[in-house]
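Open the model in a viewer and keep the sequence panel beside it. The tour goes from the whole chain to single side chains.

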Amino acid sequence: MHCACTIQAASIQGVASLTVQNSSMVKQAKSLNFGTLNINDSSTFQVTHDSTLTISPNGILTMVGGSMSYNLPKSGNVISPAVLSVANSTPFTDLTLAVYPNSDIVHIDEATNNGKFQINRFVVINPENGQHEYESGAVIKTDKTGNLDLALGASLTMQGDKAYRDGLYTGSYSIELHY
């Protein structure tokens, strides 16, 4: 027996989408600034043992070690941890922090007989989620908008038995956020 039935069908054409976002925008919103060292009121000072000057991600400056006369910077001295801002990431993206320490900070004229500073420890916090410290290798998430702010502190080691002249000392450091 053969049926002469009509088969009913409904169709729909669906829409598919995908957003590709290959990069985040990372910028340094504020520079790492250890301020001005007021040492012995002379144009050159001598460090007799290695000393470490540390600025925390919260902007607290401390000095450890060495045998030198050092005054913590007076009021009006600009001291600030660095602030790094991540924008345009996808929401809740895991970012792996990679910090490359041991960068040199040298006198602006790069005099070879002048002492240099070395950045030897970075500490990173996310000010929005408390004071948890992140070090190299840590995984940090962007927020629901794909943004993230990080405050960065570091330590500077002064070389023992070196003279330091007055003037500006500069250098760079490298931090990566892998996604």
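The stops below cover the fold, the core and the salt bridges.

This is a predicted model, in which local features need pLDDT of at least 70 and side-chain atom pairs count only at pLDDT 80 or more, while totals for chains, interfaces and linings use all residues. Residues are numbered from 1 along each chain as its sequence is written, and side-chain values use heavy atoms, with hydrogens and water left out.

Start with a cartoon view: there are zero helices and 14 strands (DSSP runs, H or I of at least four residues for helices and E of at least two for strands, numbered from the N terminus). Of the 179 residues, 32% are buried (under 20% relative accessible area, with exposed over 50% and partly exposed in between; 1.4 Å probe, protein chains only).

Next, select Leu-32, Phe-34, Leu-97, Phe-117, Leu-150 and Leu-156, the residues with the most contacts inside the largest nonpolar core, which has 28 residues. Such a core is a set of buried Ala, Val, Leu, Ile, Met, Phe, Trp, Tyr and Cys residues joined through side-chain atoms within 4.5 Å. Strand E11 gives the most to this core, six residues. Around Leu-32, look for its contacts (heavy atoms within 4.5 Å), including Ile-55, Pro-81 and Tyr-173.

Now show Lys-141 and Asp-94, which form a salt bridge at 2.7 Å, N to O (a side-chain nitrogen of Lys or Arg within 4 Å of a carboxyl oxygen of Asp or Glu). Lys-141 is in strand E10 and Asp-94 in strand E6, so the pair ties together parts 47 residues apart in sequence.

Finish at Arg-121 and Glu-135, whose side chains meet in a salt bridge at 2.8 Å, N to O. Arg-121 is partly exposed at 39% relative accessibility, and Glu-135 is partly exposed at 41%.

Technical notes: Lists of a residue's contacts leave out its neighbours within four places in sequence.
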